Amino acid sequence: MTFVVTNTWDATPEEISKKVKDNVVDLSEFVSRTIKKLLVAEEVTPDALLMIARMIHEAPFTKCNPHVGIKFLSMVSPSKEVREAASKARSDIRKAKYAFLTDELLYNLLKKRYDVTISAFESDDELSPENEEIKKQLEFFVPPILKRMNTEGNFEYSTETKTRIAEIKTEISELEDAWNKTLSDDVSATKLFFTTEQLDGCNIDFVKTLDKADDGKHIITLSYPHVFEIINMCSCSETRKEVYTRFLMRGTETNAERMARLAVLRKELAKLSMPDVTDPSYVDLSVSSKPSMAKSGKAIRAFLDNVAQNCSKLS
């Protein structure tokens, strides 16, 4: 299953909402109900268990980033209504994914069926080639699913800890939504003014489409089409510098306090979620739930430091 917003750039707010509701929110609830009905059956064959594992693995709402098109719209669309609808859609997707991955009943049913099935396979001295292959695939699909669900749901922790983790994740989600809204609002609200000479090198048709101020100067916003054209084509270095600097600094003043709060919350979340790790960071927590080559934040930092050192030798 895949999640794609068709004709992404032309999508209306109504189309975005419907697409997300049909392909993510409603689908996640349907899949959850269906899987639990299958798992509580009197007998669950290895084939059926493998089908369930693949269903969860391929579900769009369990992917790390199933909504690239939606994110694109929330940041880039020139329409405020579309940006707001896309931002809400991103929030709805996160909530649907979180609700599915933190379903403790589903986790317990899947874990129990997996343990029973693997135990039966291992006690069979004459396992058929077909069952050998099923066992191999189950061991490939199910443990990562269980690990991620346990990481998201914290099922092994006390009620108090689980409650606090849920509170932190909710606040982080709200802060991230507010952060992105500020960025998208700043994109259209910020206006920079340049003469025709200061836009030298830009495509003539691009310059003709720009709105003009009362003094005749062209109006440049921080929208991606404007920024990319200026950075890539404009021959005036001062214009490129001003546009690029303002683009990098968009939303900074409003988002500074949010950044500080996010850092505190993520640190607390890492400590609560990884009690066996000494002074864990949010990066450690993030990579622990993903099939990543990097196994820790320290490994990532070491790799980046090595790249930086090698690059500095070439500069």
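On a 1 Å grid over the protein atoms alone, a cavity is a set of points where a 1.4 Å probe fits but cannot get out, and lining residues have an atom within 4 Å of a point. By this criterion the structure, a predicted model, holds 1 cavity of 30 Å³ or more. Local features need pLDDT of at least 70, side-chain atom pairs count only at pLDDT 80 or more, and totals for chains, interfaces and linings use all residues. Residues are numbered from 1 along each chain as its sequence is written, and side-chain values use heavy atoms, with hydrogens and water left out.

**Cavity**

The largest cavity contains about 30 Å³ of space, a volume being the space filled by probe spheres set on grid points joined across faces, edges and corners. Its lining consists of S74, S87, R90, E176, D177 and N180. The lining has no nonpolar, 3 polar and 3 charged residues. Here Ala, Val, Leu, Ile, Met, Phe, Trp, Tyr, Cys and Pro count as nonpolar, Asp, Glu, Lys and Arg as charged, and the others, Gly among them, as polar.

**Helix packing**

Helices are DSSP runs (H or I, at least four residues) numbered from the N terminus. Axes are lines fitted to C-alpha atoms over the stretch in contact, and angles run from 0 to 180 degrees between N-to-C directions.

| Helix pair | Angle | Axis separation |
|---|---|---|
| Helix 1 (13–39) and helix 2 (46–58) | about 160° | 11 Å |
| Helix 5 (104–122) and helix 6 (129–153) | about 150° | 10 Å |
| Helix 4 and helix 6 | about 110° | 8 Å |

Helix 4 is roughly perpendicular (65 to 115 degrees) to helix 6. In this contact (heavy atoms within 4.5 Å), K97, Y98, F100 and L101 of helix 4 meet R148, M149, E152 and G153 of helix 6. The classes are 4 nonpolar, 1 polar and 3 charged.

Helix 1 and helix 2 are roughly antiparallel (over 145 degrees). V31, I35, L38 and L39 in helix 1 touch L49, M51, I52, M55 and I56 in helix 2. This contact comprises 9 nonpolar, no polar and no charged residues.

Helix 5 and helix 6 are likewise roughly antiparallel to each other. Among the contact residues are L106, Y107 and L110 in helix 5 and I134, L138 and V142 in helix 6. By class, the contact of helix 5 with helix 6 has 13 nonpolar, 3 polar and 4 charged residues.

Note on methods: Helices (H or I, at least four residues) and strands (E, at least two) are DSSP runs, numbered from the N terminus. Angles under 35 degrees count as roughly parallel, over 145 as roughly antiparallel, 65 to 115 as roughly perpendicular and the rest as oblique. On a 1 Å grid over the protein atoms alone, a cavity is a set of points where a 1.4 Å probe fits but cannot get out, and a pocket is an open set with protein on both sides within 12 Å along at least five of seven lines; lining residues have an atom within 4 Å of a point.
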